[in-house]
Structures are given as structure tokens and as C-alpha cells.
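The report below covers one model with a view to helix packing, the core, the interface and a few loop residues. The sequence and structure come before the text.

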Amino acid sequence: MAQDSGTRTLISRAQLRRGRGRAIYWALLAVVVIGFTLVFLGPLYWMVTGALKSGQEIAQTPPSLFPQDPQWQNYADAWNNLDLAKLLFNTFYYATGAVLFQLVLDTAAAYSLSKLRPIFGNVILGLMLATLMIPAMVLIVPQYVTVIDLPILHVSLLDSPFAIWLPLVANAFNIFLLKRFFDSIPEDLMAAALMDGATPLRTLWSIILPMSRPILGVVSIFAVTAVWKDFLWPKLVMPSPETRTVSVGIYAFAGGTPMNVVIAASVIAAIPTVILFLIFQRNIMSGLTTGSLKG
Amino acid sequence: MDRCPYRSTGRLRHRHELPAHRRGETTWVGWDNYVRILDDPSFWTAWKNTFSFTVLALLLGYAVPFFVAILLNEFRHATGYLRILVYLPVMLPPTSALFLFKFYAYDPSEAGLFNAILKALHLPTSQWMQSPEMTMPAMVIASTWMNMGGAALIYLAALQNIPGELYEAAELDGAGVWRRIRHVTVPQTRLILALLAMLQIVATMQLFIEPLILANGAGAEDSATSVAYLIYQHGFFQNDLNGAAALGVIMLVVLAGFSAVYLRLTAKQD
């Protein structure tokens, strides 16, 4: 994944070392670093500082680069008026549950498909993968009808975290990702464990899972970001103000709240995922490419 | 079962007013639900908008990450920083990013970020989301900014798998930079390019949150209404889950065409 300095790319390294090539290289690098910073970080700067401006300052032309009189009150208002503590806690709670459910059930499914190999295992895997072909938007209505009146049990999962957790567990992509990883673990290890008298469950716990830490990390991070970024599904199944996620809560308040306070709340809502990304960026990026290239 | 999903909307309060399926009754209605959805005055507008979003997003959101990846692949410095920058917007909750665009970037007065930049460059300013012509491009720009990081990093990984000898040989044959991109880079990443094109089409056809937040749903003169937004409207505001499901099936049939191509490509890969 890391750039091998010996690898030849579009432009040869020799060319880049020579006088003119070198000058162009550094000039282009400078342009790209500055340009990318402006394009990708600029809007975030605008967001964080914009939320510090007063209503008058935000409407002034031309807009000011720095807030003249920082209104920290906007952030405080966002936190208090939107009850962000509650919204963030809800989202965190749903995300944690989603990680736990996915780790336990998706790992079990992938383990059985990869190592225990039940009859019709490939048929089941094929059916699971077929669900990847159905766009989420098409599933919204049938999934909603299922959740408001769960078959057999006839209970409604509205406002219950299970309405978020259960559909997320049926995640063919994660099961496939885990299965591919388990497939790469040598059968010899399984045989050795069997010789030592380990049960399949014991083998999973003591041999497979410790070897699978990287992929389990990737699945967990993706589960957290999926819950944090999701909007329509939590909006539908969490109708009460007390159970909303942070994105849905901000959207619900956006109409009657001053613009700068909405932006301040948006900044606060984005902080957890940005921190998560900065800490785990290597795992996230490698998971992204394993999932799509080799998956 | 005492929680009624419609209670918060205040539309339905009594059990006998619930739609038939909630009372456990189903009646065969033939094609009624499909007919009703086809009669919706916004039906064809929604499809037109969704297709034009998909095409615009393909033009912008497809080419841009590929060239970003080619550029990043040539650099030997600051690559980690640049990679983080490109992927950072992907990690933002879409609502946060879209409120930023809605309130600050697409402010139709000259206090808005984009208009201030246009004015500084002595270019004509725009009404953005207030103008039916600009609604679509504005949504594509926001969506591309939010989503291109994933594609760029996937291309980057694919570019790093191209054997250096191919470029070497092309250069010895006198191929310039553009011809090397055309005859080495593109063919070598053909499969992943085709794969991501399919995935992007399927994703952009489900356009929903951009119109909802940037355009308050329908937008100026219905210029933002998307098929997914129509599903949402029918299912959750017009008490017409049946019509919404019918529209979902229509969407599935349309996307199945694209998915068939996708399946054929992945089958070839194995």
C-alpha cells in the first residue's frame, strides 16, 4: 500500500531529478498541496469559523476571513437548544450496539461459511451477495413495513435501537469481507486445533479471531461510520425526539434555528467521525481498498 | 403495537384510519398502485432529474477522482497528507456537509462563499439553489466533494499495481505523458474503472439527501425532485406506502439493467 520508492510510475524518477523536471515537480506539488488544502480543508475552516460569526457578520459582503468578534455563544446555544448531548449519546449508543451485533453475528456467519462449510453454504453465500445488488432506497418501504410490525412476534421496533441494529447485521458486504479473510487462514491451523481437541467455537475464539484483528477493526470502524452518517433510516424508525440520532436531530431543528447555530451543531456532529478518521486513517484506507479491489 | 408510526406527523390518530396493510388486510388491486404512481405529476420530472444528476455526477465525479489519483501517484512527498485531505469529507455526516453548502457556499447573496469567490474573480454570481438551472450542478458539486475520496483512494491503489515496465516500454517507444495515460494507465485500470462506474451509477440514482437538505425536497420549480425523494414523499407523507413500494420496484428494474453489466464484469474478473 505504501508507495515503494523504487516503483516506476507515469513519469520516470530520473526525469524528475533533472533540472527542469525537478522544478516542475516541486511547483506542481506546491500547487496541489495548496489547492487541495483550500478545496478540502477550506470549507471545514469556513464552517468552524462561520459558526463563530454573528448574524450580521455572516451577511456582510465581502465575507470576512476571520470572525471579528467570536460568538462562542453559537456553539453553546447549539449544544443546549438542540440537546446535543442527548443526540450524541443516542448515536454513540446505536453505533456501539451495531459494532457488537456485527462483530458477533457477522463473524459467526463468515466463520461457518469459510471454515465449517455447511451444506448449501455456497448457495447461502450467493443469496447473501445477491442482496448487495438491491439498492438501499428500494428496500426502504419493505424494511419499514417489516420493522413497524415484526413478523411472528408482531411488535413494533419503532424508537427501539433494534430497528437500527438488526437491519445492519444483515450486511452481506461485511460477511463477505470477513469470509475472504478467514479463507486466507491456513486449514492446517484448523486441523491442528481439531487434533488438540478444540471445539469449532474454541477454534474461532482462540485461533481465528486473534489472527483477524485487522479485519475486525475495519469492520468495526465501518459499522460506526455507517451509523453516524446514516440519515433516512434513523429518521424513519426513530420518530420521537428522545431517540433521534444527531444528524436527524439537527435536520429536525434546522427550520426554526438560526443558521449559525445549525452550522455550529453540524460542526459538533462531525467531530467524532473526524477524530475517528484521524486515529484510524491507515486501517480505514486499507479496508477501503481490500474491500473493493480484492473483495 | 400501541406505537403508531404516524403519530408524530399528526395525520393519522385512529386505528381505523391506518392504511390497510397495518390492519392486516390486503386486497388485490392489480396495477392500481403502479398506475397511481405513474399519474403523479412529478413522476417524469423525478426521473429526468435523477438521470441528469447521474450523468452530471458521472462526468464530474468520475473523471475528477481518477485524475486526482494519477496526480497523487506521481508525488513522492506529502502523499499521506494529500490522501487524508481527499478522504476527509467522506467522514463527515452528510447532513453536516450539506448544511455547510446550503447556508455558506450556496448563499445567493454576495455574502455566500461561492459568490464571493466568483465576484473576486470578476465572474457573474449565481442564485445557486434558487435558480432552477443551477440546482442540479450545485447538487453535483456538493455530492462530488462529499463522496469522491473513496473512489480516488481505490484508483490510487489500482495505479500502484501497474507494473513500471509498461511505462518504461511506452516511454522508449516515444509515448508522451498523455499517450502513456491513454495506452497504459487506462487499459491497466479498465476493470476497476468499469466497476466503480457501475457502483457510482447505482449510488447516484438513489439521490435523496442532497435534494432534501439543499433544496428542501423539490427545489425551485421542481428542479430537484428525485425518484428516491418521491418514494419518501409517497411512503411517509402521503400515506401511500403501496405507491412508494411500486416506485421502488420500478427503480429496481431500471437499476437491474446496470447491475447486470456489473455482474458480468465481476464474473470476468474471477
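This is a predicted model: local features need pLDDT of at least 70, side-chain atom pairs count only at pLDDT 80 or more; totals for chains, interfaces and linings use all residues.

## A helix pair across the chains

Helix H7 of chain A and helix H11 of chain B cross at roughly 10°, an angle under 35 degrees, and are therefore roughly parallel to each other.

On the H7(A) side the contact is made by Met137(A), Ile140(A) and Val141(A), and on the H11(B) side by Ala228(B), Ile231(B) and Gly235(B). Five of these residues are nonpolar, one is polar and none is charged.

## The interface between the chains

Contacts between the two chains involve 69 residues of chain A and 67 residues of chain B. On the side of chain A that touches chain B, the elements giving two or more residues are H2 (19-50), H7, H12 (213-229), H13 (232-237), H14 (246-254) and H15 (259-294). H15(A) gives the most to this side, with 15 residues.

By residue class, the side of chain A that touches chain B divides into 47 nonpolar, 19 polar and three charged residues.

## The nonpolar core

The largest nonpolar core has 144 residues. The residues with the most contacts inside this core are Ala265(A), Tyr155(B), Leu214(B) and Ile231(B). Ile231(B) also takes part in the contact between H7(A) and H11(B). Helix H6 of chain B, residues 132-159, gives the most to the core, with 18 residues.

Leaving out residues up to four places away in sequence, Tyr155(B) touches Pro65(B), Phe66(B), Ala69(B), Thr189(B) and Ile192(B).

## The two folds

Chain A has 15 helices and zero strands. Along the principal axes, the C-alpha atoms of chain A fill a box of roughly 75 × 70 × 35 Å. Of the 295 residues of chain A, 36% count as buried. Among contacts in chain A between residues at least 6 apart in sequence, those joining residues at least 24 apart make up 73%.

Chain B has 12 helices and zero strands. Of its 270 residues, 44% count as buried. For contacts in chain B between residues at least 6 apart in sequence, 66% join residues at least 24 apart.

## Leu82(A), a buried loop residue

Leu82(A) is found in the loop between helix H4 (73-81) and helix H5 (84-116) of chain A. This residue has 24 C-beta neighbours inside 10 Å; the cut-off for burial is 20 or more, so Leu82(A) counts as buried. Apart from residues up to four places away in sequence, Leu82(A) touches Leu87(A), Gly249(A), Ile250(A), Phe253(A) and Ala265(A). Ala265(A) is one of the residues with the most contacts inside the largest nonpolar core.

Leu82(A) and Lys115(A) are 33 residues apart in sequence, and their C-alpha atoms are 49 Å apart in space.

## Loop residues with positive phi

Most residues other than glycine have a negative phi. Phe120(A) has a phi near 65°, a positive value in a residue other than glycine. Phe120(A) sits in the loop between H5 and helix H6 (121-131) of chain A. With 9 other C-beta atoms within 10 Å, Phe120(A) is exposed.

In chain B, the phi of Asn239(B) is near 50°, again a positive value in a residue other than glycine. Asn239(B) is placed in the loop between H11 and helix H12 (241-269) of chain B. Asn239(B) has 17 C-beta neighbours inside 10 Å and therefore counts as partly exposed.

## Gln130(B) and its contacts

Gln130(B) lies in the loop between helix H5 (113-120) and H6 of chain B. Its 13 C-beta neighbours inside 10 Å make Gln130(B) count as partly exposed.

Gln130(B) and Asp107(B) are 23 residues apart along the chain, with 9.3 Å between their C-alpha atoms. Not counting residues up to four places away in sequence, Gln130(B) touches Pro108(B) and Ala220(B).

Definitions and conventions: Residues are numbered from 1 along each chain as its sequence is written. Chains are lettered from A and ligands numbered from 1 in the order in which they are written. Helices (H or I, at least four residues) and strands (E, at least two) are DSSP runs, numbered from the N terminus. A residue is buried if 20 or more other C-beta atoms lie within 10 Å of its own, exposed if 12 or fewer, and partly exposed in between; C-beta atoms are placed from the backbone. Two residues are in contact if their C-beta atoms, placed from the backbone, lie within 7 Å. Axes are lines fitted to C-alpha atoms, for helices over the stretch in contact, and angles run from 0 to 180 degrees between N-to-C directions. Angles under 35 degrees count as roughly parallel, over 145 as roughly antiparallel, 65 to 115 as roughly perpendicular and the rest as oblique. Ala, Val, Leu, Ile, Met, Phe, Trp, Tyr, Cys and Pro count as nonpolar, Asp, Glu, Lys and Arg as charged, and the others, Gly among them, as polar. A nonpolar core is a set of buried Ala, Val, Leu, Ile, Met, Phe, Trp, Tyr and Cys residues joined through C-beta atoms within 7 Å.
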